[in-house]
Amino acid sequence: LFPCSMFYKVRLQQIVHLEPQLFRPDIRDQVQVFLRINFEGIVLPEVGQIICISDIGSLTAPETVMPIQRTTGLCPFRVSFTAVVARPAKYEVIDAQVTRIDHLGMYLSAGPATGFIASGRLEKSGYRYDPQLLAFAGANGSLREHSMLRIKMLGVNINQGHMSFTAETA
């Protein structure tokens, strides 16, 4: 991993099953398109969310991986590639948008991740919940839906298909 904020450039390896009509002189380009369609935007627990596939490294011939599938005709290739991934880290300070507010706290969105700040943490920062405004009001103004807020992530959870965090105001 090469850190650059919450974005990293990583080397990944995957077995992909390709249709025979993709076996052309430009197969590397075809594999890159396949990877972009099938992997960009997904969340892998051990890696984070794949933002983009930047280049293809090695492309191993199918007979060294496993045989062609008789029922489908698909051919497996072992592909190594470089990808830019988003993986938020604990204690990282980022900007987030408020998506919903209730008496329990604030629900947030920060790129591909969703998060929550409990009302107790907001009260420690000088904000009080106002049920009539559906906002947290404080000396520096009020926080409502669609407000932008600088937060510090206290906990990060990356599951298959989703990233979430708990936070406090920064």
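So, is Ser 119 buried or exposed? Ser 119 is buried, because its relative accessible area is 15%, and buried means under 20% relative accessible area, exposed over 50%, partly exposed in between, with a 1.4 Å probe and protein chains only.

Quick housekeeping before I go on. This is a predicted model, where local features need pLDDT of at least 70 and side-chain atom pairs count only at pLDDT 80 or more, while totals for chains, interfaces and linings use all residues. Residues are numbered from 1 along each chain as its sequence is written, and side-chain values use heavy atoms, with hydrogens and water left out.

On confidence: pLDDT is the predictor's own score for each residue, from 0 to 100. The protein chain averages 88, and 94% of the residues score at least 70.

Okay, back to our serine. Ser 119 sits in helix α2, residues 119-124. Helices here are DSSP runs of H or I with at least four residues, strands are runs of E with at least two, and both are numbered from the N terminus. The Ser 119 side chain reaches the backbone oxygen of His 103 at 3.3 Å; a polar contact is a pair of N or O atoms within 3.5 Å, and within protein one must be able to donate a hydrogen and the other to accept it, with residues adjacent in sequence counting only if both atoms are side-chain atoms. Leaving aside residues up to four places away in sequence, Ser 119 touches His 103, Leu 104, Gly 105 and Phe 136, where contact means heavy atoms within 4.5 Å.

Let's follow those partners. Gly 105 belongs to β7, and its bridge partner is Asp 102. β6 and β7 (residues 105-110) pair antiparallel over five bridges, where pairing takes at least two DSSP bridges between two strands. The two form a hairpin with two residues between them. β6 (residues 93-102) also pairs antiparallel with β12 (residues 148-159), again over five bridges, and there Ala 96 stands opposite Leu 149.

And Phe 136? Phe 136 is in β10, as the bridge partner of Tyr 129. Three bridges join β9 to β10 (residues 135-138), running antiparallel. The open sheet has three strands, in the order β9-β10-β11, with antiparallel pairing. β9 (128-130) and β11 (141-143) are the edge strands, each pairing on one side only.

That's the tour from me!
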